[in-house]
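Subject: The two-chain model

Hello,

Here is the structure I promised you. Please open it, and then read my notes below.

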Amino acid sequence: MIEIRRIVSQVEDIHHEFGPVAAQPLRRGWIAAVLTNPFAGRYVEDILPMMDELNPVGLDLAQRLRAAMDVPVERIETYGKGAIVGSAGELEHGALWHVPGGYAMRELLGWKGDRAAYRAGAAEEKTGQPGNALAIVPSTKKVGPPGATLDVPLTHINASYVRSHFDAIEVRVPGAPKRDELVYVLAMSTGARVHARVGGLAAAAISRWDGLR
Amino acid sequence: MAARIRKLIVQVDETRIEMNRTIEPPTRRAVAMAVIENPCAGRYVEKLDELIAIGEELGGLLGSRCVQALGIEPAQAHSYGKAAIVGESGELEHAAAILHPKLGATLRTAVGKGAALVPSAKKRGGPGTAIDVPLGHKDAAFVRSHFDAIEARVSDAPRADEIVVAVAVTDSGRPLPRVGGLQVSEIKGEDGLR
């Protein structure tokens, strides 16, 4: 069921955006796997078996992205995910990526939650203690032609409301997805926007450890 | 450092299956892009030495970033190419100054050697403009299996007074080459052509 045709990754260092040059550049990265869509061209009711089979794909991509970014996991401060579905597929096929993609990145970053609860969409018991990857992984998806761009949202891994870390990264795989392909994407960065200065919750002020604030 | 770099981007593209055929080992192409300030933007500058020096610096920097991203030894590189997108306050000749006089020498050092011409492309553009970077075998330009191209694109560049400089390096040719011509095994590697 899982057939990976291509893997594309990109890592960028942002030194400045016409303001002061950052002492340490912001590093952002994304990785995309181009898969054969086993459901292309017809309506398939039960697509959940593919979700489980995507678990190792998620873990592999998360590890590859971290390696490509060449930073320790402790330096990853934001994440996001997305999917582009080829035109013979259905948006719902992109939605299969939510659980395998999200939990793979959260586990990589030290999350200790309940995977079964996560899969079922059940609430987690928050510990009230500082932790890693407590926040929901923001996402976006669409049906698109080869070379379609997808703006993947990025937010802080521990508190979704950290305003300095609201960001997005554009993902585009030239030549994919073809009609019968799926592009599954993971994205991460090492911090805030390079000249963040619009106030709001700061990362240093995270206090509730509920994934939000 | 001569170049004022705003962003540095490295992309790796690995093809494992093409037309339902497994590619073993997968073909891999890297493209490294630097977004730099154009020191000659907005006016006519006769002597382009500053851009030539930037090209010399970026050939080594971007070439070695590609080799590093592919995880190979420099000598394992197969093909290369270069390109530049000049923002609207610049001149095509600015791209030429970066690409042609001195970038090739430092790029060749980064990939071990390279007897062949480094194929190139240039254009004027705005943020998100894509350029197809031509690829050719680094030791013999006529190796047909390695005629290829890879797209380079930065979503927020070039601004009017910026230049996007791209260098591409591969460790392989096209995924399923079968249109004949000179083969890698037949390279003499002396004249850069065959």
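First, a term. Helices (H or I, at least four residues) and strands (E, at least two) are DSSP runs, numbered from the N terminus. This is a predicted model, in which local features need pLDDT of at least 70, side-chain atom pairs count only at pLDDT 80 or more, and totals for chains, interfaces and linings use all residues. Residues are numbered from 1 along each chain as its sequence is written, while chains are lettered from A and ligands numbered from 1 in the order in which they are written.

**Cis peptide bonds**

Start with chain B. A157(B) and P158(B) are joined by a cis peptide bond, with omega about 0°. Where is P158(B)? It lies in the loop between β6 (148-153) and β7 (162-170) of chain B. Chain A has a cis bond as well. It runs from A176(A) to P177(A), and its omega is near 5°. P177(A) sits in the loop between β6 and β7 (181-189) of chain A.

**Positive phi**

Most residues other than glycine have a negative phi, and most peptide bonds are trans. D70(A) is not a glycine, yet its phi is positive, about 60°. Look for D70(A) in the loop between α2 (55-69) and β3 (78-85) of chain A. A133(A), also not a glycine, has a positive phi near 60°. The loop between α5 (115-120) and β4 (139-143) of chain A holds A133(A).

Are these residues buried or exposed? A residue is buried if 20 or more other C-beta atoms lie within 10 Å of its own, exposed if 12 or fewer, and partly exposed in between, with C-beta atoms placed from the backbone. D70(A) has 12 other C-beta atoms within 10 Å, so it is exposed. A133(A) has 24 within 10 Å, so it is buried.

**Where the chains meet**

Two residues are in contact if their C-beta atoms, placed from the backbone, lie within 7 Å. The contact involves 17 residues of chain A and 16 residues of chain B. On the chain A side, β1 (4-14) and β6 (167-172) each supply at least two residues. β1(A) gives the most, with 11 residues.

Two strands pair if DSSP finds at least two bridges between them. β1(A) and β1 (residues 5-18) of chain B are joined by 9 bridges and run antiparallel. Which residue stands opposite Q10(A)? Q11(B) in β1(B) does.

Best wishes
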